[in-house]
Amino acid sequence: MKTIAIVCDCDNTLTHDSTTLLIKSNGIDVDQFWKKIDGMVKNGWDPPIAWMNEICSLIKEGKIEQDTNEKLEEFGKTVETFPGVTEFIPQINTTLKEKGVDETLEVYVVSCVMEHLIKGTKISDKLTE
């Protein structure tokens, strides 16, 4: 059997921006957060490293309650996927099987979003890794 692999990002591909949702859900001013990140980037920081560093700082300060993998996974359950995302993988595999095509679809997410947050989403059981 052959395998077709789709490799994609999570935020703004499968779901809305989960980092902004995490910040907002903890009562942190989203505009101020991203303004600070923009300043860090202008000072030479890589964008994902900048916001991940700031998230870690906010967790250490007690301003983000999702400070464990379990809590991040629970938060992930609140992150909505875009319409059709949860259906497209099973639909493609069913169609391939019905047409007698000896191929299967696997979906991999490469993302700087926290892994356990993604594991909490509705699509996590459809992902290969």
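Let me begin with a term: buried means under 20% relative accessible area, exposed means over 50%, and partly exposed lies in between, with a 1.4 Å probe and protein chains only. This is a predicted model, where local features need pLDDT of at least 70, side-chain atom pairs count only at pLDDT 80 or more, and totals for chains, interfaces and linings use all residues. Residues are numbered from 1 along each chain as its sequence is written, and side-chain values use heavy atoms, with hydrogens and water left out.

I will start with helix 3, residues 47–60. Helices here are DSSP runs of H or I with at least four residues, strands are runs of E with at least two, and both are numbered from the N terminus. The expected span of a helix is 1.5 Å times one less than its number of residues. For the 14 residues of helix 3 that gives 20 Å, and the end C-alpha atoms are 20 Å apart, so the two agree.

Which residues in helix 3 are buried? They are Ala50, Trp51, Glu54, Ile55 and Leu58. Seen down the axis, the buried residues of helix 3 fall within an arc of 130°, so they line one face of the helix. That arc is taken from the directions from the helix axis to the C-beta atoms. The buried residues of helix 3 pack against helix 1, residues 18–25, and helix 2, where contact means heavy atoms within 4.5 Å. Just after helix 3, Gly62 has a positive phi of about 80°.

Now the salt bridges. The term means a side-chain nitrogen of Lys or Arg within 4 Å of a carboxyl oxygen of Asp or Glu. The structure has 7 of them, and I will go through some.

Glu54 comes up again here: its partner is Lys36, with the closest N and O atoms 3.2 Å apart. This pair links distant parts of the chain, since Lys36 sits in helix 2, residues 30–42, and Glu54 in helix 3, 18 residues apart.

Next, Asp67 and Lys71 form a salt bridge at 3.1 Å, N to O. Asp67 is partly exposed at 44%, and Lys71 is partly exposed at 40%.

Last, Lys119 and Glu115 pair at 3.3 Å, N to O. They lie 4 residues apart in helix 6, residues 115–119, and are therefore separated by about one helical turn. Lys119 is partly exposed at 39%, and Glu115 is partly exposed at 45%.
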